[in-house]
Amino acid sequence: QVIKCKAAVLWETNKPFSIEEVEVAPPKEHEVRIKIMATGICRSDDHVITGTLVMPFPIILGHEAAGIVESVGQGVTSVKPGDKVIPLFVPQCGECKSCLNTKSNLCSKTDLGTSAGLMPDGTTRFTCKGKAIYHFLGTSTFTEYTVVHESAVAKIDSAAPLEKVCLIGCGFSTGYGAALQTAKVEPGSTCAIFGLGGVGLSVVIGCKVAGASRIIAVDINSDKFAKAKELGATDCINPKDFNKPIHEVLVEMTNGGVDYSFEVIGRTDTMTAALACCQYNYGVSVIVGVPPAAQNITFDPMLLFTGRSWKGSVFGGWKSKDAVPKLVADYMKKIFVLDPLITHTLPWTKINEGFDLLRTGK
């Protein structure tokens with residue numbers, strides 16, 4: 001039956017969330033209803049609030065979470081009520097061209113880039129004050145209960161602490177995979193990471209696990225440097241401390257440019273700087289930050305002609321349903337840490353305060 005619960009609804013852009021009572025419909029065929037136990041706040045959610053990521057309104061945001069299966073629709077075989085799960089904003093249908101190719105992970109069933117805000121059957125499971133509420137990236141985790149398609153949920157270890165492994169639903173996996181999966185950082189290599197939020201720090205962790213010998217962290221907020229060093233950064237630099245372009249500083253520091261660079265902010269100027277700071281012939285630069293809508297990039301094509309590679313990475317290049325349970329298992333084996341990425345734990349009714357902390361770089 002329908003569940004009435006609380007959710008943080010965003011009615012329009014540039015307004016705070018409003019905590020409302022919503023009705024969550026039961027799961028239809030091949031759908032799963034989840035009780036959300038923990039959710040992270042991600043800059044991509046904030047991009048919807050500010051309008052740089054265009055989505056329909058009203059909407060329930062949130063896409064980085066962990067929870068427990070409450071009920072399942074007809075035909076669901078991969079999870080059952082009581083299972084601990086992580087919702088997947090990049091689903092894995094197992095049938096599309098992307099899912100069938102070993103080199104790709106961006107399933108054609110994702111809502112990323114289509115911004116439809118609906119379940120695969122074209123309808124929504126949320127109602128508030130008699131109005132249909134849109135879903136976000138097929139997950140919508142800023143609510144006590146949500147409904148996702150079976151292809152967008154992964155069962156995880158029942159012993160995993162949900163308030164930690166929720167980060168594997170987006171931020172951690174995105175950064176860690178950008179280093180290990182997309183760039184394939186090699187032992188002894190040099191790396192530069194632009195942006196030291198949760199995702200950028202996860203890139204640092206990935207570069208360290210991969211055995212990089214030099215990991216240069218770049219941010220205009222020097223408060224972020226202590227944590228970056230704790231997680232493996234060997235150098236930390238603030239572009240504001242130099243009177244020349246940051247890519248020139250990096251090229252000098254590394255005697256010709258880094259092997260791998262990562263843009264983890266979502267700004268076009270830092271994307272071109274990250275490209276320019278990697279070695280002119282074999283350097284690889286990866287765009288991890290969500291690019292702003294309606295902005296184009298202008299750059300000198302000679303940057304690519306000499307041999308550099310420019311790549312993008314969504315969800316760290318992982319095939320979500322296959323990778324998420326393995327990443328949780330690796331966390332349980334202490335292959336990487338998540339605690340340093342968690343700065344605050346708030347009751348979710350304080351979600352607006354959480355976004356203020358994000359915007360002030362805290």
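Modeller: A search of the whole structure finds 0 disulfides, where a disulfide is a pair of cysteine sulfur atoms within 2.5 Å. This is a predicted model, in which local features need pLDDT of at least 70 and side-chain atom pairs count only at pLDDT 80 or more, while totals for chains, interfaces and linings use all residues. Residues are numbered from 1 along each chain as its sequence is written, and side-chain values use heavy atoms, with hydrogens and water left out.

Colleague: Why is Cys191 called buried?

Modeller: Its relative accessible area is 0%, and buried means under 20% (1.4 Å probe, protein chains only); Cys42, with 9%, is therefore buried too.

Colleague: What makes strand β8 largely enclosed by the rest of the structure?

Modeller: In β8 (residues 145-149), 4 of the 5 residues are buried, so the strand is largely enclosed; strands here are DSSP runs of E, at least two residues, numbered from the N terminus.

Colleague: How do you know that β3 and β8 pair?

Modeller: Pairing requires that DSSP finds at least two bridges between two strands, and β3 (residues 31-39) and β8 pair in the antiparallel sense over 5 bridges, with Ile34 opposite Thr146 in β8.

Note on methods. Buried < 20%, exposed > 50% of the residue type's maximum accessible area, 1.4 Å probe, protein only.
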